Amino acid sequence: DVYKRQPKDYQAKGVMYVPDEARFAHLRTLPEGSDIGQAINDAMEAIETANPDLQGVLPRDYGRLDNSVLAELLRLIGSIPDDIEGVAFGKIYEYFLSNFAFTEGQRGGEFFTPTSIVKLMVDIIEPFEGKILDPACGSGGMFVQSARFVDEHKTNSAQISIYGQERVSETIRLAKMNLAVHGLAGDIQASNSYYEDPFGSVGEFDFVLANPPFNVNSIDKERIKDDRRFPYGIPAVDNANYLWIQIFSSALNKNGRAGFVMANSASDARHSELGIRRKLIEDRQVDVIVAVGSNFFYTVTLPVTLWFLDKGKRDTERADQMLFLDARHVFRQI
């Protein structure tokens, strides 16, 4: 199932390019006592060579693990049926990501958003085709769920392009591997979204999906005072929530839709933030607000709010309407 893909275009049914079998065939017949760590490192190199999106992403330090551990790992992987579909590896990766997030404490919330929340957001904004941006992309879960949405609705997934920004280098590697094991390609840039806009985002995107960090302080407002991404002004308070909301809003084109997670406090914040919220509403962008129950996130026990913007509603009968959904008691605990 090797396929050719266009840069930044995603493939819902694709797989990674497979390197020349001869490059790693020796992994199948390693004699007892071989340096398994080096052999796996060689395989990682071969996969990166065949997949430019993964350059410098895959681990190359298997030599630090005991041969016995690696031998058992290879035996377990060897037990996976040869005809397993690529999507199964994606599910395996998501499983480990979620467990990793659970054990990482505060940092876990920086790179992983619970799948149930992401799926709801994707189902509401319906990203059938176009350009999708996540300026706080973490491990790329928003993109993966968008891929599934497109696949479930049998649309042409090759028409969707994905773009992400992430500040933490380790998380960028998680995101690129997440895309790869799901057969996706995207442009993930290392950047600080408060100060950097690598995609020239203003008015460029059909969809924005994000779970930004809440209530961040100490942003250098002098550096962003003339940034076009903040057309409603810089909030006077030392809180970045309404910077994020404007980053999402300004990235949308005239018919663009956005879905993002936001701290509850942003919904009724006063003073300068109230002024920005009023401008968003008067500009007829705010479409849906969903109140979500507590304990949905590994690192935040308090309830959150999901915001949905839709610039295209201005020319519809919904122009002066907003839908509020109280979903605080709609869940199944697992």
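Helix 10 lies across strand 1 (130-134), strand 4, strand 5 and strand 7, running at about 155 degrees to strand 5; helices (H or I, at least four residues) and strands (E, at least two) are DSSP runs, numbered from the N terminus. Angles run from 0 to 180 degrees between N-to-C directions, with axes as lines fitted to C-alpha atoms, for helices over the stretch in contact. This is a predicted model, in which local features need pLDDT of at least 70, side-chain atom pairs count only at pLDDT 80 or more, and totals for chains, interfaces and linings use all residues. Residues are numbered from 1 along each chain as its sequence is written, and side-chain values use heavy atoms, with hydrogens and water left out.

**The overall picture**

- The protein's secondary structure comes to eleven helices and eight strands.
- Of its 334 residues, 45% count as buried, where buried means under 20% relative accessible area, exposed over 50%, and partly exposed in between (1.4 Å probe, protein chains only).
- Among contacts (heavy atoms within 4.5 Å) between residues at least 6 apart in sequence, 72% join residues at least 24 apart.

- Eight strands form an open sheet in the order 3-2-1-4-5-7-6-8, and the pairing is mixed; two strands pair if DSSP finds at least two bridges between them.
- Strand 3 (187-190) and strand 8 (323-327) are the edge strands, and each pairs on one side only.
- From one strand to the next, the twist averages 15 degrees.
- Strand 4 and strand 5 pair in the parallel sense over five bridges, and A210 stands opposite F260 in strand 5.
- Helix 6 (residues 115-125) also lies across part of the sheet: strand 4, strand 5, strand 6 and strand 7. Helix 6 runs at about 155 degrees to strand 5.

**The nonpolar cores**

- The largest nonpolar core has 32 residues, and those with the most contacts inside it are F260 and W307. A nonpolar core is a set of buried Ala, Val, Leu, Ile, Met, Phe, Trp, Tyr and Cys residues joined through side-chain atoms within 4.5 Å.
- At least two residues of this core come from each of strand 4 (205-210), helix 10 (241-251), strand 5 (252-263), helix 11 (271-282), strand 6 (286-292) and strand 7 (304-310).
- Helix 10 gives the most to this core, with seven residues.
- Apart from this core lies another, of 30 residues, among them V118, F143, L179 and L209.
- Leaving aside its neighbours within four places in sequence, F260 is in contact with M121, A210, I245, F248, T305, L306, W307 and L309.

**A buried aspartate**

- D310 is found in strand 7 and is buried, with a relative accessible area of 7%.
- The side chain of D310 makes a polar contact with the side chain of R318 (3.2 Å). A polar contact is a pair of N or O atoms within 3.5 Å; within protein, one must be able to donate a hydrogen and the other to accept it, and residues adjacent in sequence count only if both atoms are side-chain atoms.
- Leaving aside neighbours within four places in sequence, the residues in contact with D310 include N255, R257, R284 and D287.

**Helix 8**

- Helix 8 (residues 169-181) has 13 residues and reaches 19 Å from its first C-alpha to its last, close to the 18 Å expected at 1.5 Å a residue. The expected span is 1.5 Å times one less than the number of residues.
- Among the buried residues of helix 8 are I172, L174, M177 and L179.
- G183, whose phi is positive, near 75 degrees, follows helix 8.

- E126 has a positive phi of about 50 degrees although it is not a glycine. E126 sits in the loop between helix 6 and strand 1 and is partly exposed, with a relative accessible area of 35%.
- H271, in helix 11, has a positive phi near 60 degrees. H271 is exposed, with a relative accessible area of 67%.
- N217 is in the loop between strand 4 and helix 9 (221-224). The C-alpha atoms of N217 and D238 are separated by 5.2 Å, with the two residues 21 apart along the chain.
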